[in-house]
Amino acid sequence: NAFKNALYPVDCTCDVCGEELVADTRYRLCSECVEKLPFVGEHRCLSCGMPLKDESDYCNRCQYEKFAFVKNRSPLTYDGETKKLIYSLKFGKKKYIAETLGALMADEFLKSGMQADIIVFVPMTEKEEKKRGFNQSELLAYEVGGRLNVPVLPALVKIKDTSAQKELHGKERAKNLEGAFERQKIAYSGRYFHHRSNRKRMRQSFAESGRKRSERADKRSYHT
């Protein structure tokens, strides 16, 4: 890895435009691209986090619908430079962009005052992950977890292939994922977790934290 990083350094150019970075930056983005990022403003829906243009506390959807999540927050709206970053990560196979997006997500998490005992990423089937080469949700989960010192657990498994979400809208997306996931049986204690199904013990990628955690995640856990 040291030789690879020396030969192909990722910290010297902007993740969006590719221009050389003349100074160290928190998000590995040049100043021009940071200014172009569509950050979500302070006035947003208290539930889903969608930007609001009026003085309401909740968006129209959250006023009339109930969701499984307690609170949703995102540092950016899905537009402009955000799309470029996500597309480069998912379809351009530029996995290092997960570091930049993970830093943005972790900062938003702290800013919003949210709390979590564990982070659970959205899994892919073996076929889906083999086709893409990696699971971007998993990469982001470990980036955020490592920065926040919060354990990442593979508590879900995807049991069937589904249509691409980008091709669907609204309720079609929810219906597309119905019955697609199952909960993994995991026993967790401190720095280790293991699957009861195969009794194999696995060490988390950020085991250096060494802090003891509860064996059960409570309802405050947030999913990536």
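Trainee: Let's start with one residue. Which residues does Cys14 touch, not counting residues up to four places away in sequence?

Mentor: Contact means heavy atoms within 4.5 Å. Leaving out residues up to four places away in sequence, Cys14 touches Glu19, Leu21, Arg28, Leu29, Cys30 and Cys33. Before we go on, note that this is a predicted model: local features need pLDDT of at least 70, side-chain atom pairs count only at pLDDT 80 or more, and totals for chains, interfaces and linings use all residues. Residues are numbered from 1 along each chain as its sequence is written, and side-chain values use heavy atoms, with hydrogens and water left out.

Trainee: How many helices and strands does the chain have?

Mentor: Helices (H or I, at least four residues) and strands (E, at least two) are DSSP runs, numbered from the N terminus. The chain has eight helices and seven strands.

Trainee: What share of the chain is buried?

Mentor: Buried means under 20% relative accessible area, exposed over 50%, partly exposed in between (1.4 Å probe, protein chains only). Of the 224 residues here, 37% count as buried. Then look at sequence separation. Among contacts with a separation of 6 or more, 58% join residues 24 or more positions apart.

Trainee: Which residues have the most contacts inside the largest nonpolar core?

Mentor: Such a core is a set of buried Ala, Val, Leu, Ile, Met, Phe, Trp, Tyr and Cys residues joined through side-chain atoms within 4.5 Å. The largest one has 18 residues, and Cys14, Val16, Leu29, Leu85, Leu89 and Leu101 have the most contacts inside it. Helix H4 (81–90) and helix H5 (97–112) each supply at least two of its residues. H5 gives the largest share, five residues. A second, separate core has 11 residues, including Phe121, Val144, Leu148 and Val152.

Trainee: How many residues of H5 are buried?

Mentor: H5 is mostly covered, with 12 of its 16 residues buried. Among them are Ile97, Leu101, Leu104 and Phe109, as well as the polar Asp107 and Glu108. These buried residues pack against H4 and H7. The expected span of a helix is 1.5 Å times one less than its number of residues. H5 reaches 23 Å from its first C-alpha to its last, close to the expected 22 Å.

Trainee: Let's pick out Ile97, in helix H5. What does Ile97 contact beyond its neighbours within four places in sequence?

Mentor: Ile97 is in contact with Asp15, Arg28, Leu85, Ser88 and Leu89. Its relative accessibility is 0%, so Ile97 counts as buried. Tyr27 is 70 residues from Ile97 in sequence, yet their C-alpha atoms are 9.6 Å apart in space.

Trainee: Why do the buried residues of H7 line one face of the helix?

Mentor: An α-helix has 3.6 residues a turn, so residues three or four places apart point the same way. In H7 (residues 136–148), the buried residues are Gln136, Ser137, Leu140, Ala141, Val144, Gly145 and Leu148. Seen down the axis, they fall within an arc of 160 degrees, so they line one face of H7. That arc is taken from the directions from the helix axis to the C-beta atoms. Their cover includes H4, H5, strand S1 (119–120) and helix H6 (126–132).

Trainee: What caps the N-terminal end of H7?

Mentor: Asn135 does, with a side-chain oxygen 3.0 Å from the backbone nitrogen of Ser137. Just after H7, Asn149 takes a positive phi of about 60 degrees.

Trainee: One last residue. Is Lys158 buried or exposed?

Mentor: Lys158 has a relative accessible area of 11%, so Lys158 is buried. Lys158 lies in strand S2 (residues 156–158). Now its polar contacts: pairs of N or O atoms within 3.5 Å, where within protein one must be able to donate a hydrogen and the other to accept it, and residues adjacent in sequence count only if both atoms are side-chain atoms. The side chain of Lys158 makes one with the side chain of Glu128, at 3.1 Å. Another, at 2.8 Å, joins the side chains of Lys158 and Thr162.
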